[in-house]
Amino acid sequence: MILPIVGYGDPVLRKVGIDVTKDYPNLNETIDNMYNTMYNACGVGLAAPQVGLAIRLFIVDTEPFSDSDDISKEEAEQLKGFKRTFINAKMLKEEGEEWGFNEGCLSIPDVREDVYRNEKITIEYFDEDFNKKTEVFDGLIARVIQHEYDHIEGILFTDKISSLKKQLIKKKLQNIMEGKARPDYRMKFIAKKR
């Protein structure tokens with residue numbers, strides 16, 4: 001099932017997610033719905049708060065980035081085969097040079113800004129079968145994971161840009177909160193809830 005994506009301004013996007021237990025109701029169905037929703041919106045990642053659930057769950061599929069002309073053949077291959085579900089993720093380390101990349105977010109349509117993040121991460125998480133893993137990622141894969149991880153911590157990419165850039169996008173953010181954004185996927189806006 002394709003779920004509506006929660007728009008900027010909704011309080012759920014600012015909540016720190018709670019841990020998911022093995023007996024969380026309909027967990028597999030929730031994960032399937034999140035993948036369907038992400039693919040429908042042409043995203044590369046989606047976190048549970050973006051579909052209204054304040055839990056520590058996010059998904060990533062970086063294949064769309066594998067077509068980019070700006071990356072090496074080796075990185076394209078890594079991106080093509082990278083699809084993961086992260087449950088109860090805990091960032092252990094963010095290291096290396098900070099580098100900028102133009103990020104967007106399905107909850108903040110039509111807003112893109114350069115965000116600086118560390119190039120390498122170490123993260124601990126459970127997969128969809130509740131197998132515990134600790135892995136190291138770098139490059140675009142690390143960036144997508146960092147972006148989605150921020151969501152389960154109540155952080156948005158717009159929190160990581162300069163005050164000047166925030167001023168420049170203020171009207172766009174206001175329009176999203178008022179339900180005036182028109183992406184080509186289903187959204188749920190805070191103004192429509194009142």
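How do β3 and β4 pair, and over how many bridges? They pair in the antiparallel sense, over 5 bridges. Before I go on, a reminder that this is a predicted model.

Let me place that pair in its sheet. The sheet is open and has 5 strands, in the order β2-β3-β4-β5-β6, with antiparallel pairing. The edges are β2, residues 45–47, and β6, residues 132–138; each has a single partner strand, so one side of each is left without a neighbour in the sheet. From one strand to the next, the twist averages 45°.

Now the pairings. β2 and β3 are joined over 3 bridges, in the antiparallel sense. In that pairing, Leu46 has Ile59 of β3 as its bridge partner. Ile59 also stands opposite Thr85 in β4. Moving along the sheet, β4, residues 83–105, and β5, residues 108–126, pair over 13 bridges, again in the antiparallel sense. Here the bridge partner of Ile87 is Phe126 in β5.

Helix α1, residues 27–40, packs on the sheet and touches β2, β3 and β4. The direction of α1 makes about 45° with that of β3.

Back to β3 itself. Of its 5 residues, 5 are buried, so the strand is largely enclosed by the rest of the structure. As a general point, side chains in a regular strand alternate between the two faces of the sheet. In β3, Leu57, Ile59 and Asp61 point one way, while Phe58 and Val60 point the other way. Note that Asp61 is among the buried residues.

With 14 residues at 1.5 Å a residue, α1 should span 20 Å, and its end C-alpha atoms are 20 Å apart, which agrees. The buried residues of α1 are Leu27, Thr30, Ile31, Asn33, Met34, Tyr35, Thr37 and Met38. What covers them includes β1, residues 5–6, along with β2, β3 and β4. Just after the helix, Cys42 takes a positive phi of about 60°.

What about the other helices? Helix α2, residues 73–80, and helix α3, residues 139–152, have axes that come within 9 Å and cross at roughly 40°. That angle makes α2 oblique to α3. On the α2 side the contact is made by Glu75, Gln78 and Leu79, and on the α3 side by Gly139, Leu140 and Ile141. By class, the contact residues divide into 3 nonpolar, 2 polar and 1 charged.

I will finish with two single residues. Is Asp150 buried or exposed? At 9% relative accessibility, under the 20% cut-off, Asp150 counts as buried. Leaving out residues up to four places away in sequence, Asp150 touches Arg117, Ile155 and Lys160.

The other is Asn131, in the loop between β5 and β6. Its relative accessibility is 39%, so Asn131 counts as partly exposed. Again leaving out residues up to four places away in sequence, Asn131 touches Tyr125 and Phe126.

Methods. Residues are numbered from 1 along each chain as its sequence is written. This is a predicted model: local features need pLDDT of at least 70, side-chain atom pairs count only at pLDDT 80 or more; totals for chains, interfaces and linings use all residues. Side-chain values use heavy atoms; hydrogens and water are left out. Two strands pair if DSSP finds at least two bridges between them. Helices (H or I, at least four residues) and strands (E, at least two) are DSSP runs, numbered from the N terminus. Axes are lines fitted to C-alpha atoms, for helices over the stretch in contact, and angles run from 0 to 180 degrees between N-to-C directions. Contact means heavy atoms within 4.5 Å. Angles under 35 degrees count as roughly parallel, over 145 as roughly antiparallel, 65 to 115 as roughly perpendicular and the rest as oblique. Ala, Val, Leu, Ile, Met, Phe, Trp, Tyr, Cys and Pro count as nonpolar, Asp, Glu, Lys and Arg as charged, and the others, Gly among them, as polar. The expected span of a helix is 1.5 Å times one less than its number of residues. Buried means under 20% relative accessible area, exposed over 50%, partly exposed in between (1.4 Å probe, protein chains only).
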